[in-house]
Amino acid sequence: MKHILSDWQHRLAKSLTLRWRLTLWMAGLLLALGLGLVLFINSMTATQIPQVLRVDLQPTQQPFSNLSTVVPTPSLETSPLSIEIPESQTTGVQEIVIRQVRLISLIGIGLFALAGAVGAYWIAKQSLRPVRHLSRLAQKIQAQTLDQRLPTEGPPDEVKELADAFNEMLARLERAFEQQNRFVADAAHELRTPLATLRTNLEVIQRDPDATLSDYKEVSGVLERALTRLEKLVEGLLLLAKGEREIQTEPVEMGVLLSEIVQEAKILAQAYQVEISLDISESATVLADAPLLARAISNLLENGIRYNRPGGFVNVTVQRALNGVEIHVQDTGIGIPLDTQPHIFERFYRVDRSRTREQGGYGLGLSIAAHIVHLHGGHIQLKSTPGAGSIFTICLPTAENQASEEPQT
Amino acid sequence: MRILIVEDELDLANALARGLRQKGYAVDIAVNGEEGWELGQINEYDLAILDLNLPKLDGMEVCKRLRSSKPKMLILMLTARSRLEDKIIGLDLGADDYLVKPFHFDELTARIRALLRRDLRAREPILQVGDLKVDPASRAAWKGKRRLELTAKEFAILEYLMRHPGEVVSQEKLIEHVWNEEVNLFTASVRVHIHSLRRKLGDSVDCPRYIETIVGIGYRLIGSE
């Protein structure tokens, strides 16, 4: 029964507007309250009238004629009851009064409920008008016009609250869209440059009638460099587009993973004459996508090596921390200027463009590292002193913490 | 015609320079904004090909500075920035043209020719003075109906003189517009090239029909009038 009712309610709610629902609810409420009131009055009348009548009638037994004027019923002939049983006349009068009151009040309820419904319909219309206005304005907002805002003047009521909430959402969407647009523009820009190099080199050598084999060899070297750069860019962009659902986690022992990464980084470190060391004081297991996490950490390592000084060092340490594990990558490099530190994890952000280009970077390494760490439910921090070096810290939840927080499926 | 390439992508800049040199232009390369600005001030370039995202000094700033110090220099922005706003800003800052990477080399050279034509004395695609004709696009020169076999330098000198008919062009001016930075040149070699050009034109020094020597100053291409 309950199920059927709720189903019915559900269907009704679907087909009716809020305005109609409010009206119906108000009418229903008025009707129920009216009925209650009538019931109350009736029961009161039923108990009170006999007493009143008794008090008035019984001592003298006279005012029958008076009564007949009080009771709007026809003459004595049409009410034989009162003649045949004179002692029960009070009961007859009582019933007639009650019946009349009931009839009138029922009609009254109907009329007032109807009037109430009309009033409620009007009130609902009035109070929902700002909501309608908002929805009409909201309909006009598109991806291209996210800078528009709903008007929030007026009293601080629920409608204003709704408009404020809506505007905040628009602001967030606008920021997200802007970020996305800038990212796409930056990506396109980064892809265009190697493409231009490829095309120009090919076209120039093809149009040169005197081109020698060594010219062609030189051009093929250039083409290979440009292609490598394109590949790296595309790979980086794909990594950045990876979502949380696309990573496959397994328990990874950080000590083992870090030893491998540091071992690989030693070749680069030697080339830059930088000492690299690993310090694992405690063992820690995290649930991670091992190749991805390795990529994040080695990006930090490469960063520390490339922007270092000859004879400098890069030190990697693992530490247990509250709710997880911290991986510190400390270098004795050039450091990062204070004003650029907040942007360092932004995509395509480069502290010094020319220097980055020389070092073979594309402004994606740190943002990729940050993205991967976020995918693993962790975060990344930077402490840097310009001229003295930087410490990057990756904080990751350990396997047991992660398992208790969100059971892996 | 002398061109300055300001581009930090060396692989691209070198290919551009090579291609443009084949077309007979004198080309220099600057690998950052600061160098571009310096070279642009020192030398007389007819045109600058300017990248926008440059280290040390942004391309827009270079454009602004070059425009104010060298009002005659043509500036072509060659950049990966494809947004409409960037094009508008660039052109409003004084760039004469805007080409987005990646581009076709032939389009770039066509645009360069079109820009060089803007010089009011040379609006026709083919330059003509008297019975001399020069086509910068195909690098061909004619005397009447006869095609002249000119070396790249001879052609460049003739082209420059044809763009300034009737004007006295100093030897220094010729050096600035026809040779690039790498060549440390003396006016004597200009004389050598002028001499062989005259020979091919069938001109004589004493009674010149085409190239007149203004002693101590330079040369003048004698116009048809």
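## Helix crossing between the chains

In this predicted model, helices α6(A) and α1(B) cross with a left-handed sense. Left-handed here means that the near helix is turned anticlockwise from the far one by less than a right angle; clockwise would be right-handed. Helices (H or I, at least four residues) and strands (E, at least two) are DSSP runs, numbered from the N terminus. Helix α1 of chain B spans residues 10-22. The two helices pack at an angle of about 25°, and their axes lie 9 Å apart. Axes are lines fitted to C-alpha atoms, for helices over the stretch in contact, and angles run from 0 to 180 degrees between N-to-C directions. The angle therefore makes α6(A) roughly parallel to α1(B). The classes are: under 35 degrees roughly parallel, over 145 roughly antiparallel, 65 to 115 roughly perpendicular, and the rest oblique.

Which residues of α6(A) meet α1(B)? They are A:Ala196, A:Thr197, A:Thr200, A:Asn201 and A:Val204. Facing them in α1(B) are B:Asp11, B:Leu12, B:Ala15, B:Leu16, B:Arg18 and B:Gly19. Two residues are in contact if their C-beta atoms, placed from the backbone, lie within 7 Å. This helix contact divides into five nonpolar, four polar and two charged residues. Ala, Val, Leu, Ile, Met, Phe, Trp, Tyr, Cys and Pro count as nonpolar, Asp, Glu, Lys and Arg as charged, and the others, Gly among them, as polar.

## The whole interface

The contact between the chains takes 21 residues from chain A and 22 residues from chain B. On chain A, α6 (158-206), α7 (213-241) and α10 (353-359) each supply at least two residues of the side that touches chain B. The largest share, 13 residues, comes from α6(A). By type, the chain A side holds seven nonpolar, six polar and eight charged residues.

Local features need pLDDT of at least 70 and side-chain atom pairs count only at pLDDT 80 or more, while totals for chains, interfaces and linings use all residues. Residues are numbered from 1 along each chain as its sequence is written, and chains are lettered from A and ligands numbered from 1 in the order in which they are written.

Chain A has twelve helices and seven strands. Buried residues make up 21% of its 409 residues. Buried means 20 or more other C-beta atoms within 10 Å of a residue's own, exposed 12 or fewer, and partly exposed in between, with C-beta atoms placed from the backbone. Of the contacts between residues at least 6 apart in sequence, 72% join residues at least 24 apart.

Five strands form an open sheet in the order β2-β4-β5-β7-β6, with mixed pairing. Strands pair if DSSP finds at least two bridges between them. The edge strands are β2 (275-280) and β6 (379-385). Neighbouring strands are turned by 15° against each other on average, direction ignored. β2(A) pairs with β4 (residues 313-321) in the parallel sense over six bridges. A:Ile276 stands opposite A:Val314 in β4(A). Helix α8 (residues 254-271) packs on the sheet, touching β2, β4 and β5 (324-331). Its direction makes about 175° with that of β2(A). Helix α11 (residues 365-375) also packs on the sheet, touching β6 and β7 (389-397). The direction of α11(A) makes about 140° with that of β6(A).

Chain B has eight helices and twelve strands. Of its 225 residues, 40% are buried.

β7 (residues 132-135) and β8 (residues 140-143) of chain B pair in the antiparallel sense over four bridges. B:Lys143 is the bridge partner of B:Leu132. Four residues lie between these strands in a hairpin, and B:Arg139 in the turn has a positive phi of about 55°. Three bridges join β8(B) to β9 (residues 146-148), also antiparallel. Here B:Lys143 has B:Arg146 as its bridge partner. This hairpin has two residues between its strands, and B:Gly144 in the turn has a positive phi of about 65°.

## Chain B: helix α2 and B:Gly33

B:Gly33 sits in helix α2 (residues 33-42) of chain B. Is B:Gly33 buried or exposed? B:Gly33 is buried, because 26 other C-beta atoms lie within 10 Å. Among the residues that B:Gly33 touches are B:Val6, B:Leu54, B:Pro55 and B:Val62.

The buried residues of α2(B) are B:Gly33, B:Glu35, B:Gly36, B:Trp37 and B:Gly40. These pack against β1 (2-6), β2 (26-30), β3 (47-50) and α3 (59-69) of chain B.

How values were computed
Lists of a residue's contacts leave out its neighbours within four places in sequence.
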